[in-house]
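Please open the structure in your viewer and keep the selection tool at hand. The stops below say what to select next and what is there.

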Amino acid sequence: MFRDAALIAGKDLRIEARSRVATNQIAPFALLVLILFAFALDPDRGILTRATAGLFWVTVLFCTLLAVQRAFSIESADGNRDALRLTALDPAGIFLGKAAAIALELLGLEVLLLLGVVVLYDASLDSAGLLILTALAATAGLASAGTLYGVLAAGLRVRETLLPLLLLPVVAPVLIGSTRAFEAALSGSPSDGWPWVGLLSVFALVYLALGLVAFGPLLEES
Amino acid sequence: MDSVVHLRAAVSLLGRFPALAGVDLDVAPSEIVLVRGPNGAGKTTLLRLCAGLAHLSSGEAVVLGCDLADDPKAVRARVGLLGHATALYDDLTVIDNVRFWARAAGARSADTEEAIEQLGLGGRLAKVPVARLSAGQRRRAALAILVARRPELWLLDEPHAGLDATGRDLVDDLVRRAAAAGATVLIASHELDRAVPLAQRTVTIVGGRVQPEASPVSPEAVRVP
């Protein structure tokens, strides 16, 4: 399973490196969203500083949708999904590989976004340990749930519009948990954030387990 | 000797439409069989059924000893399907595509490199992104993946389509060599001038049903109006 996951993740990351969709489209989009929030919420009144955590994770959610759609659009083209089914690859390995590739792309974007909120929102990155663990747990949850719902929507003609409707309500706990944990980290009271990291970890483990079991049947049906 | 493909009253529904409406077919080991018929007759569905991709709605289907009614997935890694789509990632190079799909199928790396050379995809062409290839070159790359996999059953849907004269000769050569090496080949094609001399037997599929014909058959004799 892990060999298959490495093969799929390597392929997906190589495609992203060659196509530069993540760096030339998703990353600028993420920064643009941050900038638009900065315009919309007047920084002089302090709203922006208080809302930094939420705005950061809403932006990450938007990027997750783009990354998941991209990850499955490459499999929808030119009969690739059938070809994938004709291989000896373990579906659980395919799930892990695609989720890992999405997670790595999101982590890269989150680093960029953190720099963005420091520059644009004047956020101070104290409690680095809490920030990092929150980002890791939230990203694992987003990538796992995104991969699961991505394959579910992949076989449908209306997948581009259906995926946000399916995925956003499901990942609402990630938005809430990661926002609360980041708020605690950014406000200098990290002890308030650790329970939320626990919630994010449970969410990630549940969707990881669900994905390992359900991805194969969903790939067959899609 | 057991048939490589054994279908009895095989039905495959696409929605409510019976793409295969009770197919009877036996294909012997190392046999090259041409499946011909008009558009929409069920040729592609027949190949997909044999690959374990199309659903067997009723009837009997045993391919390479695997009962498709019980476990259609069991046969997939042992067959090679060249469909209308080439199943290549546009952003990857030719060599990256061939290596990825060959590794995913568990092919040996020596076989992969040999297939790339055999299909004339070595050198500079190997490092070109697939998006920049012509249709014929894409077809060659897809064939290279098929060759590297060394499947026991080759399922070729319009294998000559998009290829130049050299490429067409290459396909014929690959098919004959695969059969000589023990593989069984099912070809669905409209290019009867090319496919009939290649096949040892021709079957006709019309309205989702197969009707065997005598062999050898001239292209004129099997041409569908």
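A nonpolar core is a set of buried Ala, Val, Leu, Ile, Met, Phe, Trp, Tyr and Cys residues joined through C-beta atoms within 7 Å. A residue is buried if 20 or more other C-beta atoms lie within 10 Å of its own, exposed if 12 or fewer, and partly exposed in between, with C-beta atoms placed from the backbone. This is a predicted model, in which local features need pLDDT of at least 70 and side-chain atom pairs count only at pLDDT 80 or more, while totals for chains, interfaces and linings use all residues. Residues are numbered from 1 along each chain as its sequence is written, and chains are lettered from A and ligands numbered from 1 in the order in which they are written.

**The core**

Select C50(B), V63(B), V98(B), A141(B), A144(B), L155(B) and L186(B): these have the most contacts inside the largest nonpolar core, which has 149 residues. Helix α7 (residues 128-154) of chain A gives the most to this core, with 15 residues. Helices (H or I, at least four residues) and strands (E, at least two) are DSSP runs, numbered from the N terminus.

Next, centre on A144(B). Leaving aside neighbours within four places in sequence, A144(B) is in contact (C-beta atoms, placed from the backbone, within 7 Å) with V98(B), A115(B), I116(B), L119(B) and L121(B).

**Helix α1 of chain A**

Move to I8(A), which lies in helix α1 (residues 2-19) of chain A. I8(A) counts as buried because it has 25 C-beta neighbours inside 10 Å. Outside four places in sequence, its contacts are G93(A), I94(A), G97(A) and K98(A). Of these, G97(A) is 89 residues from I8(A) in sequence but 4.9 Å away in space, C-alpha to C-alpha.

**The sheet in chain B**

Now show the open sheet of four strands in chain B, with order β2-β1-β4-β5 and antiparallel pairing; two strands pair if DSSP finds at least two bridges between them. β2 (17-27) and β5 (66-67) of chain B are at the edges with a single partner strand each, so one side of each has no neighbour in the sheet.

Select β1 (residues 5-14) of chain B: eight bridges join it to β2(B), antiparallel. Among the bridge partners, A10(B) goes with V23(B) and L13(B) with P18(B). In the hairpin of these strands, which has two residues between them, G15(B) takes a positive phi near 70°.

**Between the chains**

Which chains supply the residues of the contact? Chain B supplies 21 residues and chain A 17 residues. On the side of chain B that touches chain A, helix α2 (residues 94-104) of chain B gives the most, with five residues.

Notes
Contact = placed C-beta atoms within 7 Å.
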